[in-house]
Amino acid sequence: MSYNKPPFNKPYIEDSSKRVRVLYGGKFVVDTYQPKLVWEKPFYPTYFFSTSDLPSSLLRKSEQARPEEGTTVYDLVVGDHVAKEAVTEFTGQGPHKELGGLLKLNFASADAWFEEDERIYGHPKDPYKRVDALRASRHVRVELHGVEVANTHRPLFLYETGLRRRTYIPLVDVRVDLLAPSDTTSVCPYKGWANYYNVHLPSGEVYKDVVWYYRTPNAECIKVMGLVAFYDEKMDVWIDGEKEGFEALR
């Protein structure tokens with residue numbers, strides 16, 4: 001038997017043994033013990049379902065969508081609640097024949113998703129990925145256009161399979177006078193909801209959303225609480241005196 005591992009170069013389908021439920025409009029529109037994990041993109045999966053997992057009475061063919069070949073797009077309708085173009089059915093024709101007989105429900109269109117009785121956010125967790133948050137005593141210095149914005153001997157390195165290493169730094173080791181809260185948020189299924197800071201340099205230049213933090217991180221990444229990370233692709237970072245390049249070790 002061959003062994004597959006990410007990154008997957010084409011849609012890869014794998015059975016999941018988890019019970020998955022999808023809540024929309026006060027109703028569980030999907031409740032299945034046989035979901036499919038599908039990697040449409042290389043580094044994270046999406047849940048797909050058999051056509052029988054979502055009642056056809058809740059589907060209305062979209063009048064606005066321009067579906068790809070081999071797909072039909074539906075609105076999801078529960079009472080007065082309508083999620084436009086929320087469901088894509090794969091017919092087995094066209095470029096993705098292997099997905100025939102399956103449905104994809106847009107993750108953001110639903111009110112909530114559950115694996116067993118645990119709510120999930122953003123997208124399903126990848127069973128081939130792990131996240132390690134490791135405390136370190138290395139010297140890390142961060143500059144933005146020649147201005148030092150962080151200097152610490154107590155970083156936390158976060159290693160996430162398939163992604164570059166991220167460095168989290170205690171806020172007390174950061175030039176907080178240069179930070180201004182941003183309205184931007186994002187969600188990670190492993191770490192939780194992130195908030196962002198803009199950096200305002202003494203020159204008057206403003207760099208948006210180049211610092212982020214997790215106010216209430218998920219349990220598996222609880223170590224990042226109280227720390228901030230820098231978008232180091234846009235900054236200069238030194239670790240133990242050695243400048244990190246864009247292709248820094250992950």
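**Sheet, backbone and pockets**

Tutor: Four strands make an open, antiparallel sheet, ordered β14-β13-β21-β22. Strands are DSSP runs (E, at least two residues), numbered from the N terminus; two of them pair if DSSP finds at least two bridges between them. This is a predicted model, where local features need pLDDT of at least 70, side-chain atom pairs count only at pLDDT 80 or more, and totals for chains, interfaces and linings use all residues. Residues are numbered from 1 along each chain as its sequence is written, and side-chain values use heavy atoms, without hydrogens and water.

Student: Which residue in β21 stands opposite V142?

Tutor: Strand β13 (residues 140-144) pairs with β21 (residues 236-239). The pairing is antiparallel and runs over four bridges. Opposite V142 stands V237.

Student: Is H145 buried or exposed?

Tutor: H145 sits in the loop between β13 and β14. Its phi is positive, near 50°. Most residues other than glycine have a negative phi. Buried means under 20% relative accessible area, exposed over 50%, and partly exposed in between (1.4 Å probe, protein chains only); at 54%, H145 is exposed.

Student: Which strand holds E85, and how accessible is E85?

Tutor: E85 lies in strand β8 (residues 81-90). Its phi is positive too, about 50°, and E85 is not a glycine. Its relative accessibility makes it partly exposed, at 36%.

Student: What is the volume of the largest pocket?

Tutor: On a 1 Å grid over the protein atoms alone, a pocket is an open set of points where a 1.4 Å probe fits, with protein on both sides within 12 Å along at least five of seven lines; lining residues have an atom within 4 Å of a point. Grid points are joined across faces, edges and corners, and volume is the space filled by probe spheres set on the points. For the largest pocket that is about 530 Å³.

Student: Which element gives the largest share of the lining of the largest pocket?

Tutor: The lining has 22 residues, with E160, L163, C188, K191 and Y214 nearest the centre. Elements giving two or more residues are β15 (156-160), β16 (166-170), β17 (179-188) and β19 (206-213). The largest share, three residues, comes from β17.
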